[in-house]
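User: Hi! I would like to go through this model with you, one question at a time. Could you help me read it?

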Amino acid sequence: MARPTPPGPSSRLSPRDLLSEALSGLLQRPGRSALTLLGTVLGIGAFVAVLGLTATATGRIDERFSLTRATTVTVTDQPRTDGVAPGTNPPSDFPADADHRIAAIDGVRAGGVWWPVPGTPTLSRRPDGPDEGAGLSVLAATPGAVAAMEPTLTAGVTLDPFVQDTAQPVVLLSEAAAARLGVSRLDAQPAVFIDRLPYTVAGVYADVRRGPGALLSLIVPAGTALEHFGNPAPQPDRGAQGLVATRIGAAPVVAAQLPLALRPDAPTAFTAVPPPDPHGLQDTVASDLTGLFLALAGICLLVGAVGIANTTLVAVLERTAEIGLRRSLGARTGHIAAQFLTESTALGTLGGLIGTGLGVVTVVGVAAARDWTAVLQPATTLPAPLIGTAVGLLAGLYPALRAARTDPLQALHGT
């Protein structure tokens, strides 16, 4: 009885040979491979850029949401109109001792009432001089409101309770107003004329932390303004408002207590507006940017996957004879499938690497152009090339399986 012939050595394809064959297949048509990469590059690049720009914009919100804004509360009133003579402004609902009531709330550093004086008063250096107040406004403010504005004085003093209670004709000038009205020094106690009445300049300020409208204004005591100009106008943009500076973290609580503290008998007459929640702003910006651009990134990735699948399938059809020859020389179906799958995976990985680089460059470039601090999270940037690998792997599954199922005899005969 004849002895059975021992089986020959099994056909093997080392990972090195597999990678070499895949790269050789890709380099046969470099133009087609480059175009196939484009979809994956755009998709991964958009993915990295979107997440990076979202994180960068969120960080920018943190910077812009300054401590000043987070500690500022504004209050508006709804002045009553019943019993008011036609053509006159109704009295404000803010009480005369508003500064004291506001300061009594725990967490308040300073606070008071201010408003633009009614009408358009003339401003001049001399009682009979021309109006030089174009572009300037006159504000009435209590000492607490001026303290809440936190002006940076360059000369003189600020308003105090004495000038408020006695309705003294004094004024604070912004640097712009002082330059316009020719006030350069205060040692001679200069005066400016508002509606032809003299007001002694008590101080000059260069900047304010709150109420930027005061930078082009003259500020007179509220008591003086009531005596000379009458009640505030009832319009929302010209009426009396409360300005409160709070300690850190106290703004929401202070806003809730202000209406009751100002008018226990009619708290609904006031509306207190606390600063918006910075986390809410961050979430809104992040969700808007992420939702919009990640959809675009997903479309690009889909286009890239279709391109890789199409290119790999065309390669299978063009290389039918090569597949038959390999099978006749001992290559197994798994070897054929692995080769084409490796080609598609290599395309996806290369596209992921290039796309990640372009996304990082985009984020850094935008941040540098706008003088921002670029924020790139490693948790999203480092895995980005792996997404390209996964896209290439999934896109190459069907073409690889089709190549593996090719009949070697029909392939060699070109059918």
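**A walk through the predicted model**

Analyst: Happy to! A nonpolar surface patch of about 250 Å² is formed by L350, I354 and L358. Please keep in mind that this is a predicted model.

User: Where is L350 found, and is it buried, partly exposed or exposed?

Analyst: L350 belongs to helix 12, which covers residues 333-369. Its relative accessibility is 41%. Buried would require under 20% and exposed over 50%, so L350 counts as partly exposed.

User: How are helix 12 and helix 14 oriented to each other, parallel or antiparallel?

Analyst: Two packed helices are described by the angle between their axes and the distance between the axes. For helix 12 and helix 14 (residues 384-395), the axes come within 7 Å and cross at roughly 150°. The crossing is right-handed. Angles over 145 degrees count as roughly antiparallel, so helix 12 and helix 14 are roughly antiparallel.

User: And what is the handedness of the crossing of helix 12 and helix 15?

Analyst: The axes of helix 12 and helix 15 (residues 397-404) come within 8 Å and cross at roughly 150°. That angle makes helix 12 roughly antiparallel to helix 15. As for handedness, the crossing of helix 12 and helix 15 is right-handed.

User: Let's turn to charges. How many salt bridges does the structure hold, and which residues are linked in a network?

Analyst: The structure holds eight salt bridges. The residues linked in a network of salt bridges are R109, E150, R209 and R210.

User: D93 forms a salt bridge with R263. How many residues apart are they?

Analyst: The closest N and O atoms of D93 and R263 are 3.4 Å apart. The pair links distant parts of the chain: D93 lies in the loop between strand 1 (72-77) and helix 4 (98-103), and R263 in the loop between helix 9 (251-262) and strand 11 (270-273).

User: Are D93 and R263 buried or exposed?

Analyst: The relative accessible area is 2% for D93 and 14% for R263. Buried means under 20%, so D93 and R263 are both buried.

User: What is the distance between the closest N and O atoms of D187 and R185?

Analyst: D187 is exposed, and R185 is exposed as well. Together D187 and R185 form a salt bridge, with the closest N and O atoms at 2.3 Å.

User: Which residue forms a salt bridge with R125?

Analyst: R125 is partly exposed, with a relative accessible area of 40%. The closest N and O atoms of its salt bridge are 3.0 Å apart. The partner of R125 is E132.

User: Now the backbone. What is the phi of E150?

Analyst: Most residues other than glycine have a negative phi. E150 sits in the loop between helix 5 (143-149) and strand 5 (151-156). Although E150 is not a glycine, its phi is positive, about 55°.

User: Where is D195, and what is its phi?

Analyst: D195 is in the loop between strand 7 (191-194) and strand 8 (197-208). With 36% relative accessibility, D195 counts as partly exposed. D195 is a residue other than glycine with a positive phi, near 55°.

How values were computed. Residues numbered from 1 in each chain as written. Predicted model: local features only at pLDDT ≥ 70, side-chain atom pairs only at ≥ 80, totals over all residues. Heavy atoms only, no water. Patch = residues over 30% accessible without salt bridge, like charges linked within 9 Å, V, L, I, M, F, W, Y side chains within 5 Å. Areas by Shrake-Rupley, 256 points an atom, 1.4 Å probe, with all protein chains shown as cover. Salt bridge = Lys/Arg side-chain N within 4 Å of Asp/Glu carboxyl O. Helix = DSSP H or I, 4+ residues; strand = E, 2+ residues; numbered from the N terminus. Buried < 20%, exposed > 50% of the residue type's maximum accessible area, 1.4 Å probe, protein only. Axes fitted to C-alpha atoms, helices over the stretch in contact; angles between N-to-C directions. Parallel < 35°, antiparallel > 145°, perpendicular 65-115°, else oblique. Left-handed = near helix turned anticlockwise from the far one by under 90°.
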